[in-house]
Amino acid sequence: MSQQSISSLVITQNALLATRLARKMTNRLSVHGISLTEYLVMDYLSQTAHGEPSRIELAEHLGMSASGVTRLLAPMEKTGIIETFKNPRDSRQSLVKLSATGHKLFAEASVSFGHISSDLTDKLSQSQQTKLVEFLGRLL
């Protein structure tokens with residue numbers, strides 16, 4: 001097999017894996033009323049040092065367009081999971097943070113996320129999982 005064929009296979013299989021994992025995770029997270037993408041938003045908001053990234057920073061992290069993030073955040077704001085507000089240093093920017101409700105929901109969903117993740121990766125040893133994280137990190 002040529003290097004180009006192997007490279008194409010790596011990307012194709014990774015894309016298929018991402019799609020299938022996203023579907024399974026979203027199905028399982030639906031008991032909390034959230035999708036995988038919404039969970040990823042909450043995860044990022046809970047882990048950022050300042051806890052209040054701009055929509056643009058969030059879009060870059062998720063690999064989405066700014067308008068896509070705006071559409072994603074609107075229902076999250078309406079249901080009280082997140083709060084948005086103007087950046088005091090630049091009123092053209094909106095900042096995002098988890099609300100108290102969002103923190104509670106994220107804590108509950110994280111337990112489920114951990115169980116789901118373990119179920120989906122139980123065929124890999126701890127060493128294999130560590131290597132996979134390293135390999136995928138190189139692609140990002």
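Where does Ser-94 sit? I looked it up first, in what is a predicted model. Ser-94 is part of strand S2, which covers residues 90–98.

Buried or exposed? I got 19% relative accessibility for Ser-94, so I put it down as buried, the cut-off being under 20%. Next I checked what touches Ser-94, skipping neighbours within four places in sequence. My list of contacts reads Pro-53, Ser-54, Arg-55, Phe-85 and Lys-86.

**The strand pair**

Then I followed S2 to its partner. Strand S1, residues 82–87, pairs with S2 in the antiparallel sense, and I noted 6 bridges. S1 and S2 make a hairpin, with 2 residues between them.

**The largest pocket**

I moved on to the pockets. The largest pocket holds about 1500 Å³ of space. I found 30 residues lining it, and those closest to its centre are Ala-18, Leu-21, Leu-40, Phe-113 and Leu-136.

Which elements give two or more residues to this lining? I wrote down helices H1 (3–29), H2 (36–47), H3 (55–62), H5 (100–121) and H6 (126–139). H1 gives the most, with 10 residues.

Last, I sorted the lining of the largest pocket by residue type: 18 nonpolar, 9 polar and 3 charged.

Notes. Residues numbered from 1 in each chain as written. Predicted model: local features only at pLDDT ≥ 70, side-chain atom pairs only at ≥ 80, totals over all residues. Heavy atoms only, no water. Helix = DSSP H or I, 4+ residues; strand = E, 2+ residues; numbered from the N terminus. Buried < 20%, exposed > 50% of the residue type's maximum accessible area, 1.4 Å probe, protein only. Contact = heavy atoms within 4.5 Å. Pairing = 2+ DSSP bridges. 1 Å grid on protein atoms, 1.4 Å probe; cavity = no way out; pocket = protein on both sides within 12 Å on 5 of 7 lines; lining within 4 Å. Points joined across faces, edges and corners; volume = space filled by probe spheres on them. Nonpolar A, V, L, I, M, F, W, Y, C, P; charged D, E, K, R; others polar.
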